[in-house]
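Open the model in your viewer and keep the selection panel at hand. The stops below tell you what to pick next and what is there.

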Protein chains: 2
Amino acid sequence: MRDALAGFTRFDEFQKSSGVAPNILSRRLKELVEDGLLEKVCYSTSPARFEYHLTPAGRDFRSVILALAEWGSTHFSPEGRQMQLVEIATQRPVQVQLVDSDNGQPLALEKYQMVPGPAASPMIHYRHDYLQKKHAGDHTQKFAPPSL
Amino acid sequence: MRDALAGFTRFDEFQKSSGVAPNILSRRLKELVEDGLLEKVCYSTSPARFEYHLTPAGRDFRSVILALAEWGSTHFSPEGRQMQLVEIATQRPVQVQLVDSDNGQPLALEKYQMVPGPAASPMIHYRHDYLQKKHAGDHTQKFAPPSL
């Protein structure tokens, strides 16, 4: 996915860039197509040749890669960054940040929290209630989720 | 990591919450400690009992999980969200967005780009130059990276 987001589209590009064995790469690309992140597009009919284009879901995955790259560079690159996000117009290095899209505020732990959503299972509700009590200082409860 | 970020700290909590077999969970926790995302802390000496606390790198991994959750919910949850990020004070559902921390601008593809950083290898420089030309419309070049 990193390579597809960088702009690679063809099998031999993915293969040479990643160094992954062709049979494994072929399986991975197939899975990404099945999962709806890539689509296989015919770009030549004789001989039949295909390339892999990002779907909208695939393109959106860029934000996950950017968050992961920011995290990895911050904590695990004492030798400096291998890749750096820049603003194209100025080539200014950019630090990425995750914010609340309504007000642009950073997602501070004290202010924002995950809660069960409309499709939450009983297990998720139980987990949430347990963690709320634990967070409030209740260390006596036993974690005994409803059987699934 | 999702469970540790949610607030779980103890082996049996991780085990019951994830349903992962104890030997596999034990190996995963050990790897996360070795990788510097969790630390093993003794909370009782007789009997000796340990719990797992997030390190600073582990806590920061939250932004990757949030980006992944936003992406997954947007593209793969026709039935609605299992978990929803909310602002604690108001319980308002929050949509997360990745921005340029200097000016709060969203990271539009046309304006922001990954370029090789100070620690980039020759392979990374080659990849970047190749993709720049491909992006500019040069479809004649062959992808032949320097041997590693």
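Select both chains. Contact here means heavy atoms within 4.5 Å.

A note on the ground rules. This is a predicted model, where local features need pLDDT of at least 70 and side-chain atom pairs count only at pLDDT 80 or more, while totals for chains, interfaces and linings use all residues. Residues are numbered from 1 along each chain as its sequence is written, chains are lettered from A and ligands numbered from 1 in the order written, and side-chain values use heavy atoms, leaving out hydrogens and water.

Next, show the interface. Buried area is the accessible area (1.4 Å probe) lost when two parts are put together, summed over both. Highlight Trp71(B), Leu98(B) and Met114(B): within chain B they lose the most area to chain A, together 10% of what that side buries.

Move to the largest nonpolar core. How many residues does it hold? It has 40, and Phe14(A), Leu38(A), Phe14(B) and Leu38(B) touch the most other members. Such a core is a set of buried Ala, Val, Leu, Ile, Met, Phe, Trp, Tyr and Cys residues joined through side-chain atoms within 4.5 Å; buried means under 20% relative accessible area (1.4 Å probe, protein chains only). Zoom on Phe14(A). Beyond four places in sequence, its contacts include Phe8(A), Leu25(A), Leu29(A) and Tyr52(A). A second, separate core of 14 residues includes Leu66(A), Val94(A), Leu107(A) and Leu98(B).

Now select Gln113(A), in strand β5 (residues 112-116) of chain A. Its side chain makes a polar contact (N or O atoms within 3.5 Å, one able to donate a hydrogen and the other to accept it) with the side chain of Gln132(A), at 2.5 Å. Across in chain B, Gln113(A) touches residues including Gln84(B) and Ile88(B).

Last stop: β1 (residues 38-45) of chain B, which pairs with β2(B) in the antiparallel sense over seven bridges. A hairpin of two residues joins them. Find Ser44(B), opposite Arg49(B).

How values were computed:
Buried means under 20% relative accessible area, exposed over 50%, partly exposed in between (1.4 Å probe, protein chains only). Helices (H or I, at least four residues) and strands (E, at least two) are DSSP runs, numbered from the N terminus. Two strands pair if DSSP finds at least two bridges between them.
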